[in-house]
Amino acid sequence: MTVRTPVYLDHHATTPVDPAVVEVVRDALAGHFGNPHSAHAFGWAAKALVDRAREQVAALLGCAPAEIVFTSGATEANNLALKGHAALHDRPGRIVTTNLEHASVERPLAELAAAGWEIATVACRPDGRVRVEDVAEAITPATTLVSVVAAQNELGTLQPWSEIGALCRERGVVFHTDAAQAVGKVPLDVMADGVGLLSLSAHKFYGPKGVGALFVRARGPHVRLRALASGGGQERDLRSGTLNVPGIAGLGEACRLALARREVDAERLRGLGRDLFDAVAGSVDDVRLNGAAAPRLPGSLNLAFPGLAAIRLIRELPVLALSTGSACSGADGEPSRALAAIGLDAVEQASSLRICLGRHTTRDEADFAAERIVVAAGKSRGEGGAG
Ligand SMILES: *Cc1c(COP(=O)(O)O)cnc(C)c1O
């Protein structure tokens, strides 16, 4: 087995930029420096790149190009969706969310709570999924918005966004979903799924970092927002600032690739993920999958190794690029919110390892990872467990 190490198994945190995307970004950077708002040939050439990317993003989501607002990523898109919604209201209302949200949803909502908004947090079930009936129960006449992550970034579990979208449409509230992990990996159709606002990030699906988008529904019904940054009035006055043309062109290409490859990639990654789990669970006693086996992101596994410390396993495995809990909050040693949400105690959380395979992960790499994890787990157990 010839495998180049370290093997990257942390595709929840970020993904490598696809070579086709690199080429598009390089061409835009080198060949089209114009400001897309300038009324001359340089501007028009840059605008053509932005227009094409807008169409590519819209094609992936199933919306109109005019419904796409380019941002610096999903963090900004989430902030714009939530604070931009709240800013429309003279009096604070109620927002329904879940205990599975990324910090870029959780923290803006905490700020809104401090400003008087009532934030109702629906708890997921032990399988790492929220139930549509629990969301329904939390919606009151004062509720104006529901925000639910589409695919959870630590557990990999998919939330029932289509049912939640239908519920929100019926109750006349705006449905926002943080789809940073879902877009490009699983089918999602904003029109059919009743989504009002959707956040995405290019670097989670083989695009560049620092670029993303917010889908803002324009019809049936039109979703209104107030801008957070004012200035030149770009992006229909929702997000002022000169556009990141190379990044946006790269995001468009990432969307085009995702549309072309999503099904094939998903099928292959599901197979690799299943085999990796079987290989590890077949050799290491008591290994459990955190969160429901399905529906989940293809190739995404969060594994509990009872009696073992995940951090120790990772130290044993410099040949694998792995993460405990969430890469976004894990670095400062904070407990994992998602693992707590599914009922794991501190020790169980500390024994959990996040593995996410990606488009460029080979069969050899997945087999190598399984083999090394089994060896490292055996060694740690031999040395007396979690110690
Ligand atoms: C990565 C991630 C974000 C943040 O995206 P950035 O583009 O890095 O700001 C938000 N939500 C989820 C679920 C994510 O996985």
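User: At roughly what angle do the axes of helix α2 and α7 cross?

Analyst: In this predicted model, helix α2 covers residues 41-61. Its axis and that of α7 come within 8 Å. The crossing is left-handed, and the angle between the axes is roughly 35°.

User: How do the residues of the contact of α2 with α7 divide into nonpolar, polar and charged?

Analyst: On the α2 side the contact includes Ala46, Leu49, Val50 and Gln56. On the α7 side, Ile248, Leu251, Glu253, Arg256 and Arg262 are among the residues that take part. By class, the residues of this contact are 14 nonpolar, 2 polar and 3 charged.

User: Is α1 roughly parallel or antiparallel to α7?

Analyst: Helix α1 spans residues 19-31 and helix α7 spans residues 245-283; their axes lie 8 Å apart. The two helices pack at an angle of about 155°. Angles over 145 degrees count as roughly antiparallel, and therefore α1 is, relative to α7, roughly antiparallel.

User: Which residues in α7 does α1 meet, and how many residues of that contact are charged?

Analyst: Helix α1 passes α7 in a right-handed crossing. Ala20, Val21, Val24, Val25, Ala28 and Leu29 in α1 meet Pro246, Ala249, Gly250, Glu253, Ala254 and Leu257 in α7. The contact of α1 with α7 has 10 nonpolar residues and 1 polar residue, and the number of charged residues is 1.

User: Which strands are the edge strands of the open sheet?

Analyst: The sheet has 4 strands in the order β9-β10-β13-β12, and the pairing is antiparallel. An edge strand pairs on one side only, as is found for β9 (288-289) and β12 (323-324). The edge strands are thus named by that criterion: β9 and β12.

User: Which residue in β13 stands opposite Thr324?

Analyst: Strand β13 comprises residues 352-356 and runs antiparallel to β12. The two strands are joined by 2 bridges. Opposite Thr324 stands, in β13, Leu353.

User: At about what angle does α7 run to β10?

Analyst: Besides packing with α1, α7 lies across strands of the sheet, namely β9, β10 (300-304) and β13. Relative to β10, α7 runs at about 15°.

Note on methods. Residues numbered from 1 in each chain as written. Predicted model: local features only at pLDDT ≥ 70, side-chain atom pairs only at ≥ 80, totals over all residues. Heavy atoms only, no water. Axes fitted to C-alpha atoms, helices over the stretch in contact; angles between N-to-C directions. Parallel < 35°, antiparallel > 145°, perpendicular 65-115°, else oblique. Left-handed = near helix turned anticlockwise from the far one by under 90°. Contact = heavy atoms within 4.5 Å. Nonpolar A, V, L, I, M, F, W, Y, C, P; charged D, E, K, R; others polar. Pairing = 2+ DSSP bridges.
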